[in-house]
Amino acid sequence: MTLSRSRSFLNVEQIVRDTYGNDASIFGGQEILEGIVENMLDKMEDTVKEKINQHLENQGAKTRLDEIEGIIHELEEEARRQEQSEKYDIDSAKQAFDEAVLPEGVNLGKAIHYVAYKKKLEHKEQLAKALKDIEDEIEALKTQQEEAESKVRENAQTLQQVAQTLEKSADVCSMVTTAS
């Protein structure tokens, strides 16, 4: 996505026009040169994407993302099970309350509320830790993405330099053709 965005800033038609001007016909015309530059950009984009994917795979990022996704799924399942367990605990406590006589001064409702509060607090701490781990992983991936984007910019600069070299070559060819 970032590669496509970076590439959208390049106006191939303008680059060819600025580089070759009226001499584009020597190389088969404006459209052919644009096609050549587009093909070079496509190959460069494919190579960069492949290297980024290979880098991410070598770094184990995909595996880490899958692990994070698994952890999130497990936490969601645990929350669902905990919610069901709490509902069952409340129902069974109510049933036990109905069947038993409590000593004076004991309030079952507050005791149940306290236990539920403690479980929720524990669960909140687990989620906060998992969230921090995910945020750290996202930050690392952003850093890798920024490095990859920097490489794309460097490659675009290299392409500009190649275009300038081609322009100089075209000028030389133009002078040779004009001299003949």
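Tutor: Let's start with how area is computed: accessible areas come from the Shrake-Rupley method with a 1.4 Å probe, and for residues only the protein chains shown count as cover. On that basis the protein chain exposes about 13700 Å², and carbon and sulfur atoms supply 54% of it. This is a predicted model, where local features need pLDDT of at least 70 and side-chain atom pairs count only at pLDDT 80 or more, while totals for chains, interfaces and linings use all residues. Residues are numbered from 1 along each chain as its sequence is written, and side-chain values use heavy atoms, with hydrogens and water left out.

Student: What makes up the secondary structure of the protein chain?

Tutor: Helices (H or I, at least four residues) and strands (E, at least two) are DSSP runs, numbered from the N terminus. By that reading the protein chain has five helices and zero strands, and its elements run α-α-α-α-α from the N terminus on.

Student: Which residues is Thr-19 in contact with, leaving aside its neighbours within four places in sequence?

Tutor: Contact means heavy atoms within 4.5 Å, and Thr-19 is then in contact with Ala-163, Leu-166 and Glu-167 once those neighbours are left aside. Thr-19 also has a polar atom in its side chain that lies 2.6 Å from the backbone oxygen of Ile-15. A polar contact is a pair of N or O atoms within 3.5 Å; within protein, one must be able to donate a hydrogen and the other to accept it, and residues adjacent in sequence count only if both atoms are side-chain atoms.

Student: Why do the buried residues of H2 line one face of the helix?

Tutor: Helix H2 (residues 12–20) has Val-12, Ile-15, Val-16, Thr-19 and Tyr-20 as its buried residues. Seen down the axis of H2, they fall within an arc of 100°, so they line one face. The arc is that of the directions from the helix axis to the C-beta atoms.

Student: What is found at the start of H2?

Tutor: There, a side-chain oxygen of Asn-11 reaches to within 3.3 Å of the backbone nitrogen of Glu-13. After H2 comes Gly-21, with a positive phi near 55°.

Student: What makes Arg-80 and Glu-77 a salt bridge?

Tutor: A salt bridge is a side-chain nitrogen of Lys or Arg within 4 Å of a carboxyl oxygen of Asp or Glu. For Arg-80 and Glu-77 the N to O distance is 2.8 Å, and their side chains meet in a salt bridge. The two are three residues apart in helix H4 (residues 61–99), so about one helical turn separates them. By this rule the count comes to eight salt bridges.

Student: Which residue forms a salt bridge with Lys-129?

Tutor: Asp-133 does, with the closest N and O atoms 3.2 Å apart. Both lie in helix H5 (residues 108–179), four residues apart, about one turn of the helix. With a relative accessible area of 56%, Lys-129 is exposed; at 40%, Asp-133 is partly exposed.

Student: Which residues form the nonpolar patch on the surface?

Tutor: Patches are made of residues with over 30% relative accessible area and no salt bridge: like charges are joined within 9 Å, nonpolar side chains (Val, Leu, Ile, Met, Phe, Trp, Tyr) within 5 Å. Here Ile-32, Ile-36, Met-40, Val-162 and Leu-166 form one, with about 380 Å² of accessible area together. Helix H3 (30–59) and H5 are the elements that give two or more residues to the patch, and H3 supplies the largest share, three residues.

Student: What is the relative accessibility of Val-162?

Tutor: Val-162 is at 35% relative accessibility, so Val-162 counts as partly exposed. Val-162 lies in helix H5.

Terms used
Buried means under 20% relative accessible area, exposed over 50%, partly exposed in between (1.4 Å probe, protein chains only).
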